[in-house]
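Please walk through this structure one place at a time. The text below takes a few residues in turn and says where each one sits.

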Amino acid sequence: MIRCVAITFVAVLGALTGCVNADDSHPNGNQKDATSDRTSGDTHSVNGSIHVSAGQKKDDVSTVNGSIHIADNAAVTGAQTVNGNISMGAHATADELHTVNGSITLGDAANVAHAISAVNGSLTLHTGAEVGGALTNVNGKIMLQAAHVAGGIKTVNGNLDVGSNSHVDGGILVQKDSSDVIWFFHWGSNAMPKVVIGPGAVVQGNLRFEREVHLFVSDTATIGPVIGATAVKFSGEKPPE
């Protein structure tokens, strides 16, 4: 029952997205129960982390309080947690990833077929990582390093760095912080988001901003129409501080 409630909760909030750094649960003393880290044989937990070993294949893996690590070349149907981080190793694959409070990190050439979402937390895609759906959060930095997102990027309060040679299809949307639901889950800063489109990066589709942002675009980047912001061009690897 707890597992069902937790997964439903994550699914409802998946459209929002983001993560805060959440601590894993640790056993006290000699106890090896629900608060222990899980072995690669476990796929569901309430209070504990889950590890999928290198090269293993699993269906859905989920926990409520704990992180999920999918090692190099491993494959899962999906991974979901409420309070915890999700990380994928090099060349690992998944259908989708969702967390409420925690970061999500994709290693080199990792592949997620559909959406990645969080509410409070950072989203990081390393070199060659692929996301077939949308990449979304509410609070937390989003960073792409020569990665590809096919379904667009959406955030509210997060800084966004589309790094060198990254490719985003479906555009970028920075939403205004207005709805009651977003307010309820808004634990981040009210600072103006910083959006950087790096050298050689490509963003196809509209870059739409419903709130004020600092937008910096490399003079070697290719982007679609900008709505709601003024782009500041820069040369070199990074914009001025």
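**Loops, surface and interior**

In this predicted model, His-91 lies in the loop that runs between strand E6 (86–88) and E7. The phi angle of His-91 is positive, about 65°, although His-91 is not a glycine. His-91 counts as partly exposed because its relative accessibility is 48%, and partly exposed covers the range between under 20% (buried) and over 50% (exposed).

Asn-73 is placed in the loop between strand E4 (68–70) and strand E5 (75–80). Its phi is near 65°, a positive value in a residue other than glycine.

With a relative accessible area of 33%, Asp-95 is partly exposed. On the surface, Asp-95 belongs to a patch of negative charge, where it gathers with Asp-59, Asp-60 and Glu-96.

Is Val-196 buried or exposed? Val-196 has a relative accessible area of 9%, so it is buried; the cut-off for buried is under 20%. This residue is part of strand E20, made of residues 194–197.

Which residues does Val-196 touch, leaving out those up to four places away in sequence? They are Leu-160, Asp-161, Val-162, Phe-216, Phe-234 and Pro-239. Take Leu-160 from that list: Val-196 and Leu-160 are 36 residues apart in sequence, while their C-alpha atoms are 6.2 Å apart in space.

Key
Residues are numbered from 1 along each chain as its sequence is written. This is a predicted model: local features need pLDDT of at least 70, side-chain atom pairs count only at pLDDT 80 or more; totals for chains, interfaces and linings use all residues. Side-chain values use heavy atoms; hydrogens and water are left out. Patches are made of residues with over 30% relative accessible area and no salt bridge: like charges are joined within 9 Å, nonpolar side chains (Val, Leu, Ile, Met, Phe, Trp, Tyr) within 5 Å. Accessible areas come from the Shrake-Rupley method with a 1.4 Å probe; for residues, only the protein chains shown count as cover. A salt bridge is a side-chain nitrogen of Lys or Arg within 4 Å of a carboxyl oxygen of Asp or Glu. Lys and Arg count as positive and Asp and Glu as negative; His and the chain ends are not counted. The place of a charge is taken as NZ of Lys, CZ of Arg, CG of Asp or CD of Glu. Buried means under 20% relative accessible area, exposed over 50%, partly exposed in between (1.4 Å probe, protein chains only). Helices (H or I, at least four residues) and strands (E, at least two) are DSSP runs, numbered from the N terminus. Contact means heavy atoms within 4.5 Å.
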